[in-house]
Amino acid sequence: MAAGPAPLGGHPRAQRPHLSKMERVVVSMQDPDQGVKMRSQRLLVTVIPHAVTGNDVVEWLIQKYCIAEDEALHLGTLLVQHGYLYPLRDPRRLLLRPDETPYRFQTPYFWMSTLWPAAELDYAIYLAKKNIRKQGALVDHEKVGYHHPSPATPAESSQRNPSPTSGAHSPGSRLIQMHKHTHPIEGVSEGRWGVHPPELGVGKSFPLETLNHPQAHYDQLHRKINHTWDLVVMQAREQLRAAKQRRKGDRLVIACQEQTYWLVNRPPPGVPSVLEQGPERGSCTARQVQMTKTVDFYKREIECCRKALGRTRVKSSVCLEAYLKFSSQRGPHDPLLSGCLPSNPWVTDNDTYWAMNAPSVAVPTKLRVEQWAFSFRELLEDPVGRAHFMDFLQTEFSAENLSFWEACEELRHGGQAQVPALVDAVYQQFLAPGAARWVNIDSRTMERTLEGLGRPHRHVLDDAQLHIYMLMKKDSYPRFLKSDLYKDLLAEAVVPLEMKRRVFPFMWKPRHSSPSLALLPTSTSGEPEAAAGSPGDGDGET
Amino acid sequence: MAKEECKALLDALNKATACYHHLVLTIGGSADSQNLREELQKTRQKAQELAVAIRARLTPPLRDRGLGAEERAEFERLWVAFSGCLELLEADMRRALALGTEFPLHAPRRPLVRTGVEGGASGVAARALSARSLRHEAERDFDVEDLHQLEREILKVGEMIQDMEMKVNVPRWTVQARQTAGAELLSSASAGVSSVGGVSVQQRTGPCDLSKALAATIFSAVLLAAVALAVCVAKLS
């Protein structure tokens with residue numbers, strides 16, 4: 001609210017979809033014929049209609065959406081937690097009970113989609129109202145040692161305090177009577193409640209948990225939006241006076257509604273907030289409703305649709321298949337899922353694993369060599385793989401492709417000052433007609449590159465690099481995988497043995513390696529299981 | 001004196017904004033009706049008139065460079081309260097528009113949310129307009145045209161706020177508010193006492209028990225007195 005006027009003509013952002021779904025559910029519950037059965041709530045004298053029991057809600061959900069009871073209960077609880085439904089008896093426990101506990105629907109004004117994010121000014125006004133209603137009871141729970149004079153007049157406070165049940169209460173009222181003061185409304189700048197935070201906040205005189213959290217919020221707010229405190233006080237008083245013009249039943253209901261809204265939006269400490277969302281989602285301002293569709297509105301719509309058409313879309317079936325393939329391929333290679341051999345260094349303090357998988361190691365492990373077969377990118381990213389690929393290309397007399405590619409990478413990621421010199425060197429070595437290591441690029445790309453060489457920047461060779469990359473990927477890479485060189489590498493690759501479990505009763509740390517699923521007979525990676533003792537044997541030496 | 005006038009107008013605007021807020025709370029609920037929409041319109045129009053009047057009165061002193069520091073501080077305080085009030089009003093108007101479009105009164109397939117609030121709010125609107133009571137004289141399709149008009153008014157108020165920001169430069173954070181924390185409790189004689197008992201009923205059974213206990217003690221005291229009298233009478237006769 002007080003965050004300032006939303007920009008007029010700004011593009012309306014889509015609100016969070018789960019909220020609109022919940023709202024649709026709530027609205028369909030209101031149907032007079034097919035909605036939920038309504039009952040009346042009977043308080044002492046007043047009768048307030050439109051109460052529903054938890055049971056009714058669950059049954060209606062089961063019947064309308066043909067879902068199981070668990071799911072209906074979960075859905076109902078979501079509705080309650082987001083504040084669309086509130087319990088009448090125990091307003092602080094926001095969950096749906098499938099029995100006779102009564103609930104009521106929240107007014108659309110306080111729905112999450114209309115009034116989000118909750119503004120500090122509103123919260124301040126709400127707390128001020130609560131303060132007035134409860135005559136300073138926000139500070140009821142503070143422990144005694146702290147002298148905080150309450151400005152409430154003694155007569156009212158003693159009248160409003162419920163019968164002193166807790167010991168902390170009567171000293172509190174005594175304190176109130178001691179400070180019998182009638183101040184003028186304004187002009188008390190050193191303010192009882194104004195100056196406190198270092199002493200009050202994390203009390204040395206009392207433990208933190210006795211501090212009622214609305215009080216802490218109240219003080220915080222007072223500090224934060226001090227400049228609008230006049231407005232807060234004025235509005236709080238006026239809103240209460242306006243509320244008095246209504247019937248008692250309506251007043252109760254409206255107060256309940258507001259309380260629920262703030263319970264959801266400013267949950268007490270320890271209660272998880274349903275509003276938490278990941279960092280990438282932006283905030284949703286209230287939807288900009290436009291009644292008159294101006295030309296601008298339609299222009300924006302057209303632009304939006306055009307952009308949407310241009311976006312590439314992948315079918316979810318394709319996506320999912322790729323994902324499944326990825327998972328099944330990578331599963332045995334994942335150290336967390338399939339265990340790492342010889343042992344997890346974090347568990348056993350034995351870092352052979354890292355030594356064996358170092359970036360440049362003489363003999364790569366078998367898993368590593370197999371990973372080169374997954375994609376060309378894997379091969380190029382692994383220094384050992386790249387070296388072997390270079391060897392292979394040299395036997396095929398096409399090593400200049402890889403050298404060119406490497407030079408382009410260096411250009412792209414290198415320093416800005418070296419760019420012109422590097423471009424020149426690359427041109428001389430690879431692209432000039434009659435160069436020593438001339439690469440085969442198609443004419444169009446070559447033309448474009450040569451044009452760009454006039455004004456060199458780090459991305460000027462990108463097209464050529466891509467072309468060579470695709471060439472290597474389609475041509476040399478499959479041949480590499482079928483070549484003898486690769487097969488030899490596979491054969492020579494090392495498979496580390498799992499470290500034996502040693503059950504030595506006098507050792508400090510039981511050194512057991514992480515359970516390696518790769519050694520179970522059902523594994524598909526074909527590791528030899530004979531050499532390693534099976535994890536079940538606790539007998540130490542084989 | 002200009003300041004007192006401004007203060008009085010600001011109080012009236014504050015009252016109108018609070019009443020408007022209170023009325024907007026019930027849009028889309030079970031208390032929504034043609035009458036409510038009409039009351040909303042009247043309240044917000046009154047609020048806008050007041051806003052224009054205050055703005056006309058507050059702008060000259062603030063643009064006057066030769067004003068004393070204390071006077072200026074006073075006017076700045078009023079200005080901050082005024083602009084805050086106006087922003088609250090505008091936000092409420094926007095929400096009223098959103099809710100009004102979502103819950104049209106005469107659409108058959110879109111029932112109103114049954115929130116348990118019934119009964120009219122004409123008292124609230126009358127309070128905002130400082131009138132004794134309110135007459136409802138709207139035609140049938142009032143709410144649809146009203147929404148169009150509401151949209152126009154929102155744009156107007158938005159422009160007014162923008163204009164205010166441009167013309168008068170009052171840095172908010174430098175303004176010291178007069179009221180301290182807890183100041184609302186001080187003059188709460190009229191607001192607090194009577195409404196407390198009613199409002200807190202649903203939460204705790206404490207107050208209920210208190211009133212019940214009170215009634216019970218009074219009753220038993222009366223009963224005892226009656227029994228004592230009867231015994232005395234029986235003894236004496």
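Q: What pattern does chain B follow when read along the sequence?
A: In this predicted model, chain B runs α-α-α-α-α-α-α along its sequence. That comes to 7 helices and 0 strands.

Q: Which residues of chain B does UniProt place in a transmembrane region, and what is the helix content of that span?
A: An unreviewed UniProt entry gives the feature "transmembrane region" at residues 213-234 of chain B. In the model this span is 100% helix and 0% strand.

Q: How many residues does chain B have, and what percentage of them is buried?
A: A residue counts as buried when its relative accessible area is under 20%. Of the 237 residues in chain B, 51% are buried. The chain exposes about 11,200 Å², and carbon and sulfur atoms supply 58% of that area.

Q: What percentage of the contacts in chain B joins residues at least 24 apart?
A: Take the contacts between residues at least 6 apart in sequence: 82% of them join residues at least 24 apart.

Q: How many salt bridges does the structure hold?
A: To call a pair a salt bridge, look for a side-chain nitrogen of Lys or Arg within 4 Å of a carboxyl oxygen of Asp or Glu. Over all chains, the structure holds 25 salt bridges.

Q: Which parts of chain B does the pair Asp146(B) and Arg44(B) link?
A: Asp146(B) and Arg44(B) form a salt bridge, with their closest N and O atoms 2.8 Å apart. The pair links distant parts of the chain: Asp146(B) belongs to helix H5 (residues 142-167) and Arg44(B) to helix H2 (residues 34-63), 102 residues apart.

Q: Why does Asp146(B) count as buried?
A: Asp146(B) counts as buried because its relative accessibility is 5%. Arg44(B) is buried as well, with a relative accessible area of 1%.

Q: Where do Arg94(B) and Glu90(B) lie?
A: Both are in helix H3 (residues 69-102) of chain B, 4 residues apart, which is about one turn of the helix.

Q: Is Arg93(A) in chain A buried or partly exposed?
A: Arg93(A) counts as partly exposed, because its relative accessibility is 43%. Its salt-bridge partner is Asp90(A), with the closest N and O atoms 3.9 Å apart. Asp90(A) is also partly exposed, at 35%.

Q: Which residues of chain A are linked in a network of salt bridges?
A: Glu396(A), Asp475(A) and Arg479(A) are linked in such a network.

Note on methods:
Residues are numbered from 1 along each chain as its sequence is written. Chains are lettered from A and ligands numbered from 1 in the order in which they are written. This is a predicted model: local features need pLDDT of at least 70, side-chain atom pairs count only at pLDDT 80 or more; totals for chains, interfaces and linings use all residues. Side-chain values use heavy atoms; hydrogens and water are left out. Buried means under 20% relative accessible area, exposed over 50%, partly exposed in between (1.4 Å probe, protein chains only). Helices (H or I, at least four residues) and strands (E, at least two) are DSSP runs, numbered from the N terminus. UniProt positions are given in the numbering used here, feature names are shortened, and annotations may be inferred rather than shown by experiment. Contact means heavy atoms within 4.5 Å. Accessible areas come from the Shrake-Rupley method with a 1.4 Å probe; for residues, only the protein chains shown count as cover.
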